[in-house]
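Good morning, and thank you for coming. Please have the sequence and the model ready before you.

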Amino acid sequence: MSTPIERIGVFTSGGDGPGMNAAIRAVVRTAALNGVEVVGILGGYDGLVNDRVRALGPRDVSNIVQRGGTILRTARSEAFRTREGRATAHATLQRHGIDGLVAIGGDGTFTGAHILFEEFGTRVIGLPGTIDNDLYGTDRTIGFDTALNTAVEAIDRIRDTASSHDRLFVVEVMGRNTGHIALQCAVAAGAEYVLVPEVAQSIEALVVALSEASGMKSSSIVVVAEGDEEGGAFQIARKVKERSPGYDIRVSVLGHIQRGGTPSVNDRILASRTGVAAVEHLLQGDHDAMVGLVNENVVLTPFADAIGNQKALPQELFHVLTVLAT
Ligand code: F6P
């Protein structure tokens, strides 16, 4: 029988995303309502290794539901990758009497949490916090919807200037290992083509698709995920230009603007629902698992599954994009 949970720690880890603050707020207030103390761990796993913690009460999380970024800061910790670093993190937890953790992050965060459980029995529940939407066990991740809307708004603006000048734009969006943002953006912005890391696509196929459509169009937009195997937007643009010198091509890399800004309604609600559920699950004795949203229901998925499976891209959207690009 494990000890009851009287104090929990909450932290954000990996790349930040809009809605993380709403998640922190939900965790702190749910815990307080259940008589559980909360400490915020600053800077993700680095904060655990370096003992950077501070008490968080319900009023400490006022007026943050609408703020982008994370009040707890975040990091990608090198120290935590070592056994020694994790032992130091475990000692921090013991020193502060922290019985359980809520980790808000992506697959790297949950890989760390799973190892911590295996090595030290640390009880962790995860919330899916990444703009990349690449977590198995949840239909959406916290930050994805806002990032998409930011990127689509930017591409809409690019379309204005692209069609005024009869240009081809290659627009790079985030996604080192995945094309969820790229694919959904491409459909929503009415792009002509999308390139994603999960699917091997040749430049020749891209050039053919563009030439088939270009006679009828004043502009073309190709959306590429930063991690595509053909390279980023500048490389794609160069390769297209080599094969089709007639195009007047410009490149736009959207970058970190996708990570900031006011969280969308969908992200705030997702963060609030999963934040409440995370604490309730922890108090009911669940751990080593991530809370996500599947078919609009809050569900728990073991970390081993969340990190061990790849979330498939919605294949139908490739078809939709192709049909609508004609
Ligand atoms: O994981 C989220 C993400 O935004 C990826 O899409 C991107 O490749 C990466 O983070 C960038 O990380 P950093 O801000 O550390 O450069």
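This is a predicted model: local features need pLDDT of at least 70, side-chain atom pairs count only at pLDDT 80 or more; totals for chains, interfaces and linings use all residues.

Let us begin with the domains. The domain assignment divides the protein chain into domain 1, covering 7-143 + 263-308, and domain 2, covering 144-259. Taken over C-alpha atoms, the centres of domain 1 and domain 2 are 33 Å apart. How many residues of each domain are in contact with the other? On the side of domain 1 there are 17 residues, and on the side of domain 2 there are 12.

I turn now to the largest pocket, which holds about 720 Å³ of space. Its lining consists of 35 residues, and those nearest its centre are Gly14, Arg76, Asp107, Gly108 and Arg176. Which domains contribute to this lining? Domain 1 and domain 2 each provide at least three of its residues. At the level of secondary structure, helix H4 (107-120) and strand E6 (168-173) each supply at least two residues. Helix H4 gives the most, with six residues. By class, the lining of the largest pocket comprises 16 polar, 11 charged and eight nonpolar residues.

The second largest pocket has a volume of about 260 Å³. It is lined by 14 residues, and Glu192, Tyr193, Ala209, Thr322 and Ala325 are the closest to its centre. Strand E7 (193-195), helix H7 (203-214) and helix H11 (316-324) each supply at least two residues of this lining. Which of the elements gives the most? That element is H7, with four residues. In the lining of the second largest pocket, nine residues are nonpolar, three are polar and two are charged.

The axes of helix H6 (residues 180-189) and H11 come within 10 Å and cross at roughly 35°. The crossing of H6 past H11 is left-handed. From H6, the contact is made by Leu183, Gln184, Ala186 and Val187; from H11, the partners are Leu317, Phe318, Val320 and Leu321. What classes of residue make up this contact? Seven of its residues are nonpolar and one is polar, while none is charged.

That concludes my presentation, and I thank you for your attention.

Conventions:
Residues are numbered from 1 along each chain as its sequence is written. Side-chain values use heavy atoms; hydrogens and water are left out. On a 1 Å grid over the protein atoms alone, a cavity is a set of points where a 1.4 Å probe fits but cannot get out, and a pocket is an open set with protein on both sides within 12 Å along at least five of seven lines; lining residues have an atom within 4 Å of a point. Grid points are joined across faces, edges and corners, and a volume is the space filled by probe spheres set on the points. Ala, Val, Leu, Ile, Met, Phe, Trp, Tyr, Cys and Pro count as nonpolar, Asp, Glu, Lys and Arg as charged, and the others, Gly among them, as polar. Domain bounds come from an automatic or database domain assignment. Axes are lines fitted to C-alpha atoms, for helices over the stretch in contact, and angles run from 0 to 180 degrees between N-to-C directions. A crossing is left-handed if the near helix is turned anticlockwise from the far one by less than a right angle, and right-handed if clockwise. Contact means heavy atoms within 4.5 Å.
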